[in-house]
Amino acid sequence: MELFGILFSFPAALIASLIYATLVQQISSAWPPVGRPLRVGSYFVFTGLAVELVILIILGAVDGRRLLGPAFYVGHLLIFFLGPPALANVLILQRRAPALARPWIACLPCAFFALFLVLLQYGVTEALYGIDGDNGPFSQLKGLPRRRAA
């Protein structure tokens, strides 16, 4: 079942990114002051992703969670959900390469970035909570008796 989730995340992200990029383009052209806060917020998301990747490479998900506590997973989820919109903001609102500022072009890198984040999400979640969510080092069900199937 996870394979279908991963497989269908790409077209879903493609459509969602196209809709979001179109909205950002429409809103930023109608109200230009909104562009700067969106870009700055996007850079914060990318900085958070870079910090998370450094932590994951050096420490791994489990030791990163031990170091930062529950904030590690909260930050991870924020980056997971805000990553593709942040990339769309940067691509649509930049002025150096106007070809990338078109929503139907910007949605493709956003979808690939979303696929990367989905795969990262699976890796981090399975490392922290186990494959079934009950046998990882931070699982809430660890040590509790299992219910038997009827």
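A residue counts as buried when its relative accessible area is under 20%. Q121, with a relative accessible area of 15%, is therefore buried. The model is predicted.

**Q121**
- Q121 is located in helix α5, which spans residues 103-129.
- Leaving aside residues up to four places away in sequence, Q121 touches Y73, H76, L77 and F80.

**Crossing of α2 and α4**
- Helix α2 covers residues 35-58 and helix α4 covers residues 71-93; their axes come within 8 Å and cross at roughly 135°.
- The two helices, α2 and α4, are therefore oblique to each other.
- The crossing of α2 and α4 is left-handed.
- On the α2 side, the contact is made by G35, L38, R39, S42, Y43, V45, F46, G48, L49, E52, I55 and L56.
- On the α4 side, the residues in this contact are F72, H76, I79, L82, G83, A86, L87, N89, V90 and L93.
- Sorted by class, the contact of α2 with α4 has 14 nonpolar, six polar and two charged residues.

**Crossing of α1 and α4**
- Helix α1 spans residues 2-30, and its axis comes within 9 Å of the axis of α4, with a crossing angle of roughly 45°.
- This pair, α1 and α4, is therefore oblique.
- The crossing of α1 and α4 is right-handed.
- From α1, the contact uses Y20, A21, V24, Q25 and S28, and from α4 it uses P85, A88, N89, I92 and L93.
- Sorted by class, the contact of α1 with α4 has seven nonpolar, three polar and no charged residues.

- Side chains of opposite charge can pair when their charged atoms come close.
- One salt bridge is found in a search of the whole structure.
- D63 forms a salt bridge with R66, and the closest N and O atoms are 3.2 Å apart.
- Both D63 and R66 belong to helix α3, residues 61-68, where they sit three residues apart, about one turn of the helix.
- D63 has a relative accessible area of 38% and is therefore partly exposed.
- R66 has a relative accessibility of 54%, so R66 counts as exposed.

Definitions and conventions: Residues are numbered from 1 along each chain as its sequence is written. This is a predicted model: local features need pLDDT of at least 70, side-chain atom pairs count only at pLDDT 80 or more; totals for chains, interfaces and linings use all residues. Side-chain values use heavy atoms; hydrogens and water are left out. Axes are lines fitted to C-alpha atoms, for helices over the stretch in contact, and angles run from 0 to 180 degrees between N-to-C directions. Helices (H or I, at least four residues) and strands (E, at least two) are DSSP runs, numbered from the N terminus. Angles under 35 degrees count as roughly parallel, over 145 as roughly antiparallel, 65 to 115 as roughly perpendicular and the rest as oblique. A crossing is left-handed if the near helix is turned anticlockwise from the far one by less than a right angle, and right-handed if clockwise. Contact means heavy atoms within 4.5 Å. Ala, Val, Leu, Ile, Met, Phe, Trp, Tyr, Cys and Pro count as nonpolar, Asp, Glu, Lys and Arg as charged, and the others, Gly among them, as polar. Buried means under 20% relative accessible area, exposed over 50%, partly exposed in between (1.4 Å probe, protein chains only). A salt bridge is a side-chain nitrogen of Lys or Arg within 4 Å of a carboxyl oxygen of Asp or Glu.
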